[in-house]
Amino acid sequence: MEFETAMQTAARLGVTVRAVQKWAKEGKLPGAKKVGRDWAIPFGATVSADTELPGGAEERPDLSGLPFPLFQLPYNGGDALEYVQNIADGDTRNINLIQMYYFMGEIEKSIELAEPYLDSSDWRYRVAAALFYTFANLGGRHMHKTTFAAQILKRELAINDLTDEGELADNSIRIFAAVVLKTQLHIPFEEVPLVERYIRYMPEGLRMMGCYLSAHKAYMVKDYARSLGIAQAALFSTTQRYPVCEMYCHIISAIDHINLLQREQAAESIRRAWTIAARHRIYMPFVEHYSLLQGLIESHIKEEYPAEYDKVIRLARAYNIGWYEIYNQENQGKVSFELTPVEFTIAMLYSRNWRAKEIAAHMHISDRTVTNYIQIIYEKLNINSRKELEEFVLK
């Protein structure tokens, strides 16, 4: 078992060191043990949901009227879904639930709640519903609905003067939604301003997601060191802890580390992301990045969380097929979606000159299994060499 100091735990949970020491002494951090004058806390340990956190429940943020409230929900020690379900205002609760259900992988629930808000008179609700409706239908493989929602977001950009200095905060929200689709789905928006120019006008939680998008863009051009620097700076610079945003930044950090061949650092980043995921049952950030994580989920999550791993794999299969379909539709591409998520992961690693033995050790499977997978991959793609495989992966 890995341990961290009380100071590291305090930084992770967004509380004081004294609070962590108090919980450890009271037995509210399972596995914590006294080492000299300090405490050794199991890595990723959290307090029970009924533990009172500094500030009290009355200081929870008001999320009403925010377009992407879950990106702006600071850590409060409780369960995110329970918190959302207890929001009094109906529209605010529904906009939160649209996002919460998507992140939990409850795709159909998210779609059902989002549909009535696609033509809302409130542009913030309309944009939020359209963005998550796009991704939820991608996971549900309803391509016509995904395309329909993406068009709503395109109209939001087309009908607004995004250079109006008086509306920089509002425009930053619209640009954020457009850049998400352009970066993650490769939907060709024309003349979308750089998100970096508008990050400063976003609320703090959303600003962190803006940094994630900037890091993702750097990753796509293989500038892994710059991508990692952006993500780490975002994690270190916020005044509060934002669970969903932190997950995305930890995940892109893990992807950068693995591409920089920094396997221990990649493992630490993925464990930090999974600590948040397990607490709040938020799985879709892992689904969205499954192939890019190159076996890290198998290495560090599969064995200890088999049920959750199976859910991620199931969702990733549907999501990847949806992504390939929308990519081909929007970019006139011919990307094959014949490979399963595990096959695509092995294809990525093998195309980057990993040996079968290294892949087997990394993914906790046998050498023979990897060799069999490689043969299946070649047959599915109708190729015969590692070079041809590399060309496929780069599409």
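Buried means under 20% relative accessible area, exposed over 50%, and partly exposed in between. The views below show a predicted model.

**View 1**
Arg 281 is found in the loop between α12 (263–280) and α13 (284–288). With a relative accessible area of 30%, Arg 281 is partly exposed. Asn 382 belongs to the loop between α18 (367–381) and α19 (386–393). At a relative accessible area of 66%, Asn 382 is exposed. For context, most residues other than glycine have a negative phi.

**View 2. The open sheet of three strands.**
The strand order is β1-β3-β2, and the pairing is antiparallel. β1 (3–5) and β2 (33–35) are the edge strands, each pairing on one side only. From one strand to the next, the twist averages 40°. Three bridges join β1 to β3 (residues 38–42) in the antiparallel sense. Glu 4 has Ile 41 of β3 as its bridge partner.

**View 3. Helix α6 and its N-terminal cap.**
Helix α6 covers residues 123–139, and its 17 residues should span 24 Å at 1.5 Å a residue. The end C-alpha atoms of α6 are 24 Å apart, in agreement with that expectation. Of the 17 residues of α6, 16 are buried, so the helix is largely enclosed by the rest of the structure. Asp 122 caps the N-terminal end of α6, with a side-chain oxygen 2.9 Å from the backbone nitrogen of Arg 124.

**View 4. Aromatic rings around Tyr 102 and Phe 135.**
The structure holds eleven aromatic pairs. In the pair of Tyr 102 and Phe 135, the ring centres are 6.3 Å apart and the planes stand at 65°; planes over 60 degrees apart count as edge-to-face, so this pair is edge-to-face. Tyr 102 lies in helix α4 (residues 90–104) and Phe 135 in helix α6, so the pair ties together parts 33 residues apart in sequence. Tyr 102 is buried at 1% relative accessibility, and Phe 135 is buried with a relative accessible area of 5%.

**View 5. Two arginines over aromatic rings.**
Arg 263 lies over the face of Trp 354, 4.3 Å from the ring centre. The charged end of Arg 386 sits over the ring of Tyr 350, at 3.8 Å from its centre.

Key:
Residues are numbered from 1 along each chain as its sequence is written. This is a predicted model: local features need pLDDT of at least 70, side-chain atom pairs count only at pLDDT 80 or more; totals for chains, interfaces and linings use all residues. Side-chain values use heavy atoms; hydrogens and water are left out. Two strands pair if DSSP finds at least two bridges between them. Helices (H or I, at least four residues) and strands (E, at least two) are DSSP runs, numbered from the N terminus. Axes are lines fitted to C-alpha atoms, for helices over the stretch in contact, and angles run from 0 to 180 degrees between N-to-C directions. Buried means under 20% relative accessible area, exposed over 50%, partly exposed in between (1.4 Å probe, protein chains only). The expected span of a helix is 1.5 Å times one less than its number of residues. A polar contact is a pair of N or O atoms within 3.5 Å; within protein, one must be able to donate a hydrogen and the other to accept it, and residues adjacent in sequence count only if both atoms are side-chain atoms. Rings of Phe, Tyr and Trp (its six-membered ring) pair if their centres lie within 6.5 Å; planes under 30 degrees apart count as stacked, over 60 as edge-to-face and the rest as tilted. A charge sits over a ring if NZ of Lys or CZ of Arg is within 6 Å of the ring centre and within 35 degrees of the ring normal.
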